[in-house]
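Please open the structure in your viewer and keep the selection tool at hand. The tour goes from one selection to the next and says what is found at each stop.

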Amino acid sequence: MSGRRKFIKKAALGTVGISTAFNTITATENQKALITDAKKVKKPVIISTWRHGLAANEEAWKQLKNGATALDAIVAGVGVSEGDPEVRSVGYGGLPDREGKVTLDACIMDKNSNCGAVSFVQGIKHPIAVAQKVLENTPHVMLSGEGALQFALSEGFKKENLLTDKSKLAWEKWLESSKYKPVINIENHDTISMLVLDEDGNLAGGCTTSGAAWKMHGRVGDSPIIGAGLFLDNEVGAAAATGLGEAVVRTAGSAMVVELMRQGKSPYQACKEIVERIYNKHKNHKDMEYLQVGFIAINKKGEHAGYSVRPGFNYAIHDEEKGNRMEPADAKMAKN
Ligand code: SD4
């Protein structure tokens with residue numbers, strides 16, 4: 001049977017039952033609606049951070065329909081954001097560090113807990129694809145910097161200039177003040193994390209970013225770190241982060257969200273609890289002024305949610321039922 005036909009057949013059979021226990025949480029109307037919807041969820045389901053997640057979801061969905069593996073679909077999907085110069089915090093066109101260098105972080109994880117990651121890599125447009133090669137072709141989980149670049153070149157990737165004129169101009173403007181104060185919620189311009197529940201009910205995830213703009217040269221954020229920017233346990237669910245990477249690393253964010261789901265919490269409850277933990281731990285921290293962290297999560301049943309410290313975070317969801325669309329995420333802090 002062709003991949004496409006297999007997909008259609010399985011999709012037709014793939015209605016998922018949801019335990020009523022998942023309906024007992026405290027949630028906003030929007031999130032309650034999502035939970036109710038989950039009763040009808042057919043696989044696959046793809047969720048991705050931010051509005052540029054729509055185009056990424058579209059591509060990943062197409063790939064899955066053509067019989068691609070979840071990992072290949074993720075690489076192709078988030079690769080759309082990496083290749084888009086208008087997405088200024090991922091891949092080509094990403095904002096550089098304070099030395100004017102675009103340095104990239106990415107990771108990918110499959111249903112068997114195999115992982116691949118690259119950090120602080122320069123000159124490679126699709127770091128997520130290199131992360132996949134690390135997973136498949138090396139005995140390691142992460143390659144960094146020059147070593148990651150050499151590995152990418154040995155795998156046939158081309159070195160190219162990723163600093164676009166627009167991003168160079170933005171950097172030159174930033175140099176005038178040289179103040180490091182990450183801007184909260186640069187809508188449409190943020191890390192892309194994608195989580196896939198495939199037609200067989202298996203989970204996979206990927207995350208790719210140029211990291212915080214104007215970071216110190218050599219800085220690595222949460223995005224390539226398994227357990228921080230991305231984590232999944234195929235028995236339970238998957239989670240991924242966006243926002244201030246330092247705060248996510250300090251709290252092992254995505255791993256904690258998944259662990260709470262293992263303990264029976266819904267994706268919404270789990271994301272909310274970890275966001276609240278991050279908020280509480282940073283209340284008196286110097287980073288609080290610009291602290292924004294958002295998580296997305298999905299469980300094995302196809303329930304999904306997003307939750308962030310401050311309002312403004314959203315995510316793209318693609319399922320069989322309603323197609324590809326944006327969902328707002330709830331937030332800990334009120335709008336000001
Ligand atoms: C980082 N988490 O490098 C990434 C960047 C990001 O919103 O997601 N910004 O810290």
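**Stop one: a buried pair**

Select Arg325 and Asp319, which form a salt bridge with their closest N and O atoms 2.8 Å apart. The model on screen is a predicted one. Arg325 counts as buried because its relative accessibility is 15%, under the 20% cut-off. Asp319 is buried as well, with a relative accessible area of 7%.

**Stop two: a partly exposed pair**

Next, select Glu273 and Lys265. Their side chains meet in a salt bridge, with 2.7 Å from N to O. Glu273 has a relative accessible area of 27% and is therefore partly exposed. Lys265, at 26%, is also partly exposed.

**Stop three: a network**

Side chains of opposite charge can pair when their charged atoms come close. A search of the whole structure finds 16 salt bridges. For a linked group, select Asp233, Glu235, Glu259 and Arg262, which are joined in a network of salt bridges. Within this group, zoom in on Glu235 and Arg262, whose closest N and O atoms are 3.4 Å apart. This pair links distant parts of the chain, 27 residues apart: Glu235 is in the loop between strand 7 and strand 8 (237-243), and Arg262 is in helix 9 (residues 253-262). Glu235 counts as exposed, at 64% relative accessibility, while Arg262 is partly exposed, at 38%.

**Stop four: the ligand**

Now select the ligand and the residues around it: Asp190, Thr191, Thr209, Gly211, Ala212, Arg219, Gly221, Asp222, Ser223, Thr242, Gly243 and Gly245. By class, this shell has one nonpolar, eight polar and three charged residues.

- Arg219: an N or O atom in the side chain is 2.6 Å from an oxygen atom of the ligand.
- Thr242: a polar side-chain atom lies 3.2 Å from an oxygen atom of the ligand.
- Gly243: a backbone N or O atom lies 2.7 Å from a nitrogen atom of the ligand.

On its own the ligand has 290 Å² of accessible area, and the protein covers 91% of that.

**Stop five: a nonpolar patch**

Last, show the surface and select Val141, Met142, Val220, Ile225 and Val249. Together they make a nonpolar surface patch of about 330 Å². To end, centre on Ile225, in the loop between strand 6 (203-209) and strand 7 (230-233). Ile225 counts as partly exposed, at 30% relative accessibility.

Note on methods. Residues are numbered from 1 along each chain as its sequence is written. This is a predicted model: local features need pLDDT of at least 70, side-chain atom pairs count only at pLDDT 80 or more; totals for chains, interfaces and linings use all residues. Side-chain values use heavy atoms; hydrogens and water are left out. A residue is near a molecule or strand if one of its heavy atoms lies within 4 Å of it. A polar contact is a pair of N or O atoms within 3.5 Å; within protein, one must be able to donate a hydrogen and the other to accept it, and residues adjacent in sequence count only if both atoms are side-chain atoms. Accessible areas come from the Shrake-Rupley method with a 1.4 Å probe; for residues, only the protein chains shown count as cover. Ala, Val, Leu, Ile, Met, Phe, Trp, Tyr, Cys and Pro count as nonpolar, Asp, Glu, Lys and Arg as charged, and the others, Gly among them, as polar. Patches are made of residues with over 30% relative accessible area and no salt bridge: like charges are joined within 9 Å, nonpolar side chains (Val, Leu, Ile, Met, Phe, Trp, Tyr) within 5 Å. A salt bridge is a side-chain nitrogen of Lys or Arg within 4 Å of a carboxyl oxygen of Asp or Glu. Helices (H or I, at least four residues) and strands (E, at least two) are DSSP runs, numbered from the N terminus. Buried means under 20% relative accessible area, exposed over 50%, partly exposed in between (1.4 Å probe, protein chains only).
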